[in-house]
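Open the model in your viewer and keep the selection panel at hand. The stops below say what to select next and what is there.

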Amino acid sequence: MTQTVKKPLSQLQRALNRSVTVRLKSNLEYRGVMVNVDPHMNMMLIDAQEYNAGALSANYGRVVIRGNNVLFVKIEETLK
Amino acid sequence: MTQTVKKPLSQLQRALNRSVTVRLKSNLEYRGVMVNVDPHMNMMLIDAQEYNAGALSANYGRVVIRGNNVLFVKIEETLK
Amino acid sequence: MTQTVKKPLSQLQRALNRSVTVRLKSNLEYRGVMVNVDPHMNMMLIDAQEYNAGALSANYGRVVIRGNNVLFVKIEETLK
Amino acid sequence: MTQTVKKPLSQLQRALNRSVTVRLKSNLEYRGVMVNVDPHMNMMLIDAQEYNAGALSANYGRVVIRGNNVLFVKIEETLK
Amino acid sequence: MTQTVKKPLSQLQRALNRSVTVRLKSNLEYRGVMVNVDPHMNMMLIDAQEYNAGALSANYGRVVIRGNNVLFVKIEETLK
Amino acid sequence: MTQTVKKPLSQLQRALNRSVTVRLKSNLEYRGVMVNVDPHMNMMLIDAQEYNAGALSANYGRVVIRGNNVLFVKIEETLK
Amino acid sequence: MTQTVKKPLSQLQRALNRSVTVRLKSNLEYRGVMVNVDPHMNMMLIDAQEYNAGALSANYGRVVIRGNNVLFVKIEETLK
């Protein structure tokens, strides 16, 4: 337990410009490149796809998601 | 990661006078010109259309949306 | 972007004594003259009508609406 | 716009000892004399009746309503 | 309006050791002696009965209710 | 009213190491020994059982419950 | 009561690098290694599985869960 522990919001900051999958409470899911994020988990995605119950339902060039709707953010391992 | 990262709310401020699509938690959607916005995502749209489940349901000359209802804001690439 | 940007809550303040339509999260709608409003969007309407699913359901001489229920405020262009 | 604007919560304070109708988010309605109220819209009513879907469902000598449940407060024009 | 107005939370404090009926948002109701209460309406009841849809469903010797679930507190006029 | 009134959260602190029953808003119920609790009613239970609609559904050696889900905490009179 | 009482959030901090099961309000469940957590219960899990109504529904290499969705965190007794 002597290693430096990175807090979850810092980890999100470090994931900027990565592909992420954002699940909302309403089960909508957004996949895109997270270009910024703040401590409320408000974030902007670019080149995003919306999935509704697993089916592609819309495309968004630039979309700002309000953080209080977020259930989780999955960080993809591949850089943009 | 050395570039200046713009926070999501600053990005919304920079999108003033652009056309936006605002999806609410209740699935209502508003499309109009965002003439102002604050850090809670309270915002005023002008010349706005309301869509309910994809169908045009109302027109609003000037409408103030309370930010806590917002799911996301899609920024259109074309200026007003 | 050099013009003075009025914030949404200031815009509501400037709309005092105008007719407004207030939609609540529960789909109730109130139409009346907004005689005051605070930063939480608590507001008092006078000479208000309540519409439930589009049908007139009640009349209120003076009613104070708690702001956290508000979905949006539509500002009518005609003065009282 | 040069007149003094009374804020909505001040207006509630000025309505103390008047009859009010308080609608809650759950559609319950309470009619009684509002003997005190605070900025959260917590309030005490005396000699109150509860209406459920328009039908009288209970009587309360003294009842404290938690403000966050309040949808609106209608101020009756007659003093106690 | 020159009389001293007691605020709703002070009125609850003055009702300590009285019998109360506490209705929760979920329609559960608790009847017991309120031995303490704080400004969030967190409270401890002793010798409490739980009513679900009007039917007695449980007994509690000592129970702490989290205030944010409270719809209203009815103060009974009889001391413990 | 001259006796020292213990606040509800202090009463929970005094109940550490006692058996408690914790009802959540979702009607899940947890019975175990409350080994710590904070002012948000976040708490850790050890040797806990989960009951769903009255039926035992799981066992937990150590579980941290997030306080905002809590409906009430019943304090059992027997020490661990 | 003279022993040092560890608060629930400190206990979560002490459980870093352990396997945990995180139940959300929506009944989704995540099992993985909790590599960090903050006072809102925002946390990052690695090597996580998602269970929906008890059935494995997805795998996540790195996922940040927003704390306000958390119902409870079960701490497994085995180190990673």
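**Stop 1: chains G and A**

Select chains G and A: their contact (heavy atoms within 4.5 Å) takes 24 residues from chain G and 23 residues from chain A. This is a predicted model, in which local features need pLDDT of at least 70 and side-chain atom pairs count only at pLDDT 80 or more, while totals for chains, interfaces and linings use all residues. Residues are numbered from 1 along each chain as its sequence is written, chains are lettered from A and ligands numbered from 1 in the order in which they are written, and side-chain values use heavy atoms, with hydrogens and water left out.

The size of an interface is often given as the accessible area lost when the parts come together. Buried area here is the accessible area (1.4 Å probe) that two parts lose on being put together, summed over both. Chain G and chain A bury about 1,900 Å² between them, with 54% of it on carbon and sulfur atoms. Now show G:Arg62, G:Val64 and G:Arg66, which supply 37% of the area that chain G buries against chain A, more than any other three residues.

Next, look for charged pairs. A salt bridge is a side-chain nitrogen of Lys or Arg within 4 Å of a carboxyl oxygen of Asp or Glu, and the interface of chain G and chain A has two salt bridges. To see a salt bridge, select A:Arg23 and G:Glu50, whose side chains meet at 3.0 Å, N to O.

Polar contacts are pairs of N or O atoms within 3.5 Å; within protein, one must be able to donate a hydrogen and the other to accept it, and residues adjacent in sequence count only if both atoms are side-chain atoms. Between chain G and chain A, ten residue pairs are in polar contact, both residues at pLDDT 80 or more.

Colour chain G by secondary structure. Helices (H or I, at least four residues) and strands (E, at least two) are DSSP runs, numbered from the N terminus. On the side of chain G that touches chain A, helix H1 (8-14), strand S2 (28-37), strand S3 (43-52) and strand S4 (55-65) each supply at least two residues. S4(G) gives the largest share, six residues.

**Stop 2: G:Gln11**

Zoom to G:Gln11 in helix H1 of chain G. Is G:Gln11 buried or exposed? G:Gln11 is buried, with a relative accessible area of 13%; buried means under 20%, exposed over 50% and partly exposed in between (1.4 Å probe, protein chains only). Leaving aside residues up to four places away in sequence, G:Gln11 touches F:Asn36, F:Met44, F:Arg62, G:Lys6 and G:Ile75.

**Stop 3: chains D and C**

Move to chains D and C, where the contact takes 23 residues from chain D and 24 residues from chain C. These two chains bury about 2,000 Å² between them. Two salt bridges are counted between chain D and chain C; one of them joins D:Glu77 and C:Arg62, with the closest N and O atoms 3.2 Å apart. Helix H1 (8-14), strand S1 (18-24) and strand S5 (70-79) of chain D each supply at least two residues of the side that touches chain C. S5(D) gives the most, with seven residues.

**Stop 4: pairs without contact**

Select chains C and F: no contact joins them, and their closest C-alpha atoms lie 19 Å apart. Chain E and chain G do not touch either, with nearest C-alpha atoms 15 Å apart.
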